[in-house]
Amino acid sequence: MLAAPKVTPFNPPRRVLMGPGPSDVYPEVLAAQARPTIGHLDPLFVGMMDELKALIQYAFQTENAMTLAVSAPGSAGMETCFVNLVEPGEKVIVCRNGVFGERMRQNVERVDATAVVVDNEWGTPVSLSDVEAALKAHPDAKFLAFVHAETSTGALSDAKGLCQLAKAHGCLSIVDAVTSLGGVELRVDEWGIDAIYSGSQKCLSCVPGLSPVSFSPAAVEKLKARKTPVQSWFLDQSLVMGYWSGDQDAGGKRSYHHTAPVNALYALHESLRLLAEEGLENAWARHQSMHGLLRDGLENLGLKFVVEESSRLPQLNAVYIPEGVDDGAVRKQLLENYNLEIGAGLGALAGKAWRIGLMGFGARRENVALCLRALEEVLR
């Protein structure tokens with residue numbers, strides 16, 4: 001028989017998380033997750049789910065009935081949108097200006113559809129004129145897919161303008177809002193977004209592992225009209241909604257689909273409750289204000305931003321690493337000496353940039369002050 005390993009309890013240190021995610025979690029959210037576990041079909045839990053759905057609708061600014069939290073991280077939210085909506089042989093215009101646009105392309109190809117890629121330089125937003133040209137060149141395209149807030153670079157794209165283009169050309173839009181939800185302006189219904197996904201671990205300052213998603217009535221109709229089954233049983237929204245909204249033919253009774261992550265959903269409920277309490281516009285303004293403080297301090301240290309101010313995310317600040325500075329050594333010293341985590345560059349920016357997050361609970365003055373002081377001392 002295999003011997004039992006001798007393992008002591010895992011007690012992580014209290015880090016200050018200022019990377020690209022996860023972000024610092026609200027203390028109230030951690031406390032909520034520690035509440036007693038009840039059954040995922042318990043009437044009290046079902047009531048909490050209804051509140052959670054309303055809170056997600058508020059965060060997205062949508063009245064979409066098909067709005068819920070996927071029981072998996074943002075990457076599963078991305079796959080949820082693609083496998084439910086895109087069928088084999090269909091054409092999707094995919095905007096790629098960083099790592100996560102490329103992941104969209106891979107999702108398209110995995111469902112045996114065709115991706116028409118619109119490339120823009122890393123650190124720049126998606127070009128509306130390039131997208132319009134692609135839509136005109138491919139009138140048979142069914143979807144336009146893009147990242148609202150590109151986590152790999154810190155660039156913010158014009159979601160409203162892109163969705164207007166999609167509508168004008170008869171396309172449904174699929175939008176990555178993993179880093180934007182709760183951090184910058186986002187209005188699903190007003191902007192005409194058809195399918196959108198996010199993550200719990202960024203500006204919502206919740207524990208990682210959940211993905212809020214929402215589908216417009218037009219997207220739901222596309223799902224219902226599929227000629228082929230959804231590729232993934234677990235992510236098939238026509239099945240999942242029986243759990244989140246109930247079977248209307250059976251008086252709204254919830255159907256068992258999977259064992260929901262009960263305590264993680266407590267945490268998401270609390271994080272979104274805190275967001276609603278603060279108010280969306282106040283949260284957007286707070287992220288912008290803290291970005292201004294961080295920007296001024298970083299520029300005083302001689303650091304240069306990857307993204308121009310006009311299209312820069314306040315919650316994800318990508319700065320070039322000064323020449324001659326050892327990327328790994330700096331981040332190691334920050335972690336070991338200051339309990340401070342900042343992110344490395346990703347993809348084309350690997351080894352060339354740092355990504356400094358100001359997300360959710362982490363977007364506060366004491367974090368900005370710590371980051372600037374620690375960087376100054378380490379770089380000195």
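Visitor: Which residues does D24 touch, not counting residues up to four places away in sequence?

Guide: In this predicted model, D24 touches R15, V16, L17, S205, F361, G362, R364 and N367 when residues up to four places away in sequence are left out. D24 itself belongs to the loop between β1 and α1, the latter spanning 27-33.

Visitor: Is D24 buried or exposed?

Guide: A residue is called buried when its relative accessible area is under 20%. D24 has a relative accessibility of 8%, and therefore counts as buried.

Visitor: Which side chain joins that of D24 in a polar contact?

Guide: A polar contact requires a pair of N or O atoms within 3.5 Å. Here the side chains of D24 and N367 are joined by such a contact, at 3.2 Å.

Visitor: Where does helix α13 lie?

Guide: Helix α13, residues 365-379, lies across β1, β12 and β13 (353-357). Its direction is at about 85° to β1.

Visitor: In what order do the strands of the open sheet follow one another?

Guide: The order is β1-β12-β13-β11, four strands in mixed pairing. At the edges are β1 (16-18) and β11 (316-320), each of which pairs on one side only. From one strand to the next, the twist averages 30°.

Visitor: In what sense do β1 and β12 pair, parallel or antiparallel?

Guide: The sense is parallel: three bridges connect β1 with β12, which covers residues 340-344.

Note on methods
Residues are numbered from 1 along each chain as its sequence is written. This is a predicted model: local features need pLDDT of at least 70, side-chain atom pairs count only at pLDDT 80 or more; totals for chains, interfaces and linings use all residues. Side-chain values use heavy atoms; hydrogens and water are left out. Two strands pair if DSSP finds at least two bridges between them. Helices (H or I, at least four residues) and strands (E, at least two) are DSSP runs, numbered from the N terminus. Axes are lines fitted to C-alpha atoms, for helices over the stretch in contact, and angles run from 0 to 180 degrees between N-to-C directions. Contact means heavy atoms within 4.5 Å. Buried means under 20% relative accessible area, exposed over 50%, partly exposed in between (1.4 Å probe, protein chains only). A polar contact is a pair of N or O atoms within 3.5 Å; within protein, one must be able to donate a hydrogen and the other to accept it, and residues adjacent in sequence count only if both atoms are side-chain atoms.
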